[in-house]
Amino acid sequence: MHFAIRVTSPIEGCHAGLKAYLKVSTNDLKGVFDRLLPFWLQQHKSIAYVLAYEQNQVKHRLNKRYFDKVQNLVCDRALLIILGEYAKLHALAAQKKELQ
């Protein structure tokens, strides 16, 4: 799997993004810096947006009918602990059936 990375070095991808944003390579260092300030702000906002979006996504393991009411009220770690206890309960029930 390449996880959407199609270059040999992540720095090459960053460099390509900066060049695409600048479009012109005839500025002095101050001009480049001034042009990159809005780019960095926009990049920061887009990263924050992606992180917030991913936090709102329901994990596949937690997409259970019985979690519907509490999905947005309880953190994912707590729901994973509940799933672990649920699995222990089923294992215990299976052991009791085998003993009978």
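Aromatic residues and helices in a predicted model

Modeller: In this predicted model, a nonpolar surface patch is formed by Phe33, Leu37 and Trp40, which together have about 280 Å² of accessible area.

Biologist: Where is Phe33 found?

Modeller: Phe33 belongs to helix H2, which comprises residues 29-56.

Biologist: Why is Phe33 called partly exposed?

Modeller: The relative accessible area of Phe33 is 41%. Buried requires under 20% and exposed requires over 50%, so Phe33 is partly exposed. The value is also over 30%, the accessibility required of a patch residue.

Biologist: What makes Trp40 count as partly exposed?

Modeller: Trp40 has a relative accessibility of 35%. That value lies between the limits of 20% and 50%, and therefore Trp40 counts as partly exposed.

Biologist: How many aromatic pairs does the count come to?

Modeller: The count comes to 3 aromatic pairs, with ring centres required to lie within 6.5 Å.

Biologist: Why is the pair of Tyr21 and Phe39 called tilted?

Modeller: The ring centres of Tyr21 and Phe39 are 4.9 Å apart, and the planes meet at 40°. Stacked would need planes under 30 degrees apart and edge-to-face over 60, so this pair is tilted.

Biologist: What does the pair tie together?

Modeller: Tyr21 lies in helix H1 and Phe39 in helix H2; the pair therefore ties together parts that are 18 residues apart in sequence.

Biologist: Are Tyr21 and Phe39 buried or partly exposed?

Modeller: Tyr21, at 31% relative accessibility, counts as partly exposed. Phe39 is at 11%, which is under the 20% limit, so Phe39 counts as buried.

Biologist: What makes the pair of Phe33 and Trp40 edge-to-face?

Modeller: The angle between the planes of Phe33 and Trp40 is 65°, and edge-to-face requires over 60. Their rings are 5.7 Å apart, centre to centre.

Biologist: How do you know that the span of helix H1 agrees with its number of residues?

Modeller: Helix H1 has 13 residues, 10-22, and should span 18 Å at 1.5 Å a residue. Its end C-alpha atoms are 19 Å apart, which agrees. Lys23 follows H1 and has a positive phi, near 65°.

Biologist: What pattern does the chain follow along the sequence?

Modeller: The pattern is α-α-α, and the secondary structure comprises 3 helices and 0 strands.

Biologist: What percentage of the 100 residues in the chain is buried?

Modeller: Buried residues make up 9% of the chain. The accessible surface of the chain is about 9300 Å², with 62% belonging to carbon and sulfur atoms.

Terms used:
Residues numbered from 1 in each chain as written. Predicted model: local features only at pLDDT ≥ 70, side-chain atom pairs only at ≥ 80, totals over all residues. Heavy atoms only, no water. Patch = residues over 30% accessible without salt bridge, like charges linked within 9 Å, V, L, I, M, F, W, Y side chains within 5 Å. Areas by Shrake-Rupley, 256 points an atom, 1.4 Å probe, with all protein chains shown as cover. Salt bridge = Lys/Arg side-chain N within 4 Å of Asp/Glu carboxyl O. Helix = DSSP H or I, 4+ residues; strand = E, 2+ residues; numbered from the N terminus. Buried < 20%, exposed > 50% of the residue type's maximum accessible area, 1.4 Å probe, protein only. Expected span 1.5 Å × (residues − 1). Phe/Tyr/Trp six-rings, centres within 6.5 Å; stacked < 30°, edge-to-face > 60°.
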